[in-house]
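Please view the sequence and the structure together before reading on.

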Amino acid sequence: MTDPRYNYGPADPQYPQHQGQPQYGQGQPHYPQGEPEPKVNVGKLWAGGIGTAVVAALLVVVAIMLIRGVLGIAILSPEGAGAYGTVSTTSYAIAAAGAALLATALLMVLLLAMPSPLTFFTWICLLLTAVAVILPFTLVADLDAKIATAAINLLVGLCITTMLSSVGSAAQNGSRQAGY
């Protein structure tokens, strides 16, 4: 049993402070009084956005090569254009990367200004993905090419949505994440 005459807490000289061990809050950036901590780590957000853009562009190239080369469906080019197709494949990949960068900009605005920003971001991206999936069926092309294009659009949309949702979650500071 402990002796009630002694204070066995941090002020007790018998128990010296833990020297050399980090104290709570060390290593955290200190912001001057009155300035709120930034809500979003913009560098981390845009680094993740650029990474997502690269993945989305490569996903388009791989999917087109698979569809043209393995499945033999002429998508975005005439049949004799080879597995890669033509410059339209490159344009499609650049468009996917551009969509990822635009989605990153949207995510940044939502993170800075909205309550529950990731919920709004996910819904917006999923609805835009639905538009991209439906769009090929409004064009004049063979049915198999329409289906293949819709499938690529679906994959790219889901890729951008899921990756940037993770990036957005990681780019938020701890005080903001506690609300989820």
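## Helix α3 against helix α4

In this predicted model, helix α3 (residues 117-134) and helix α4 (residues 143-171) have axes that come within 8 Å and cross at roughly 170 degrees. Because angles over 145 degrees count as roughly antiparallel, α3 is roughly antiparallel to α4.

On the α3 side the contact is formed by L118, F121, T122, C125, L126, T129, A132 and V133, which meet a set of α4 residues including A150, N153, L154, G157, L158 and T161. Taken together, the residues of this contact divide into ten nonpolar and eight polar, with no charged residue among them.

## Helix α1 against helix α4

The axes of α1 and α4 come within 9 Å and cross at roughly 160 degrees, so that α1 is also roughly antiparallel to α4, and the crossing of this pair is right-handed.

From α1 the contributing residues include K44, L45, T52, V55, L59, A63 and I67, while those from α4 include A148, I152, L155, I160, M163 and V167. The residues of the contact of α1 with α4 divide into 19 nonpolar, four polar and one charged.

## Residue A63

A63 lies in helix α1, which spans residues 42-70, and is one of the α1 residues that make the contact with α4. Is A63 buried or exposed? Its relative accessibility is 10%, and because buried means under 20%, A63 counts as buried.

Although A63 and T149 are 86 residues apart in sequence, their C-alpha atoms are 9.5 Å apart in space.

Definitions and conventions. Residues numbered from 1 in each chain as written. Predicted model: local features only at pLDDT ≥ 70, side-chain atom pairs only at ≥ 80, totals over all residues. Heavy atoms only, no water. Helix = DSSP H or I, 4+ residues; strand = E, 2+ residues; numbered from the N terminus. Buried < 20%, exposed > 50% of the residue type's maximum accessible area, 1.4 Å probe, protein only. Axes fitted to C-alpha atoms, helices over the stretch in contact; angles between N-to-C directions. Parallel < 35°, antiparallel > 145°, perpendicular 65-115°, else oblique. Contact = heavy atoms within 4.5 Å. Nonpolar A, V, L, I, M, F, W, Y, C, P; charged D, E, K, R; others polar. Left-handed = near helix turned anticlockwise from the far one by under 90°.
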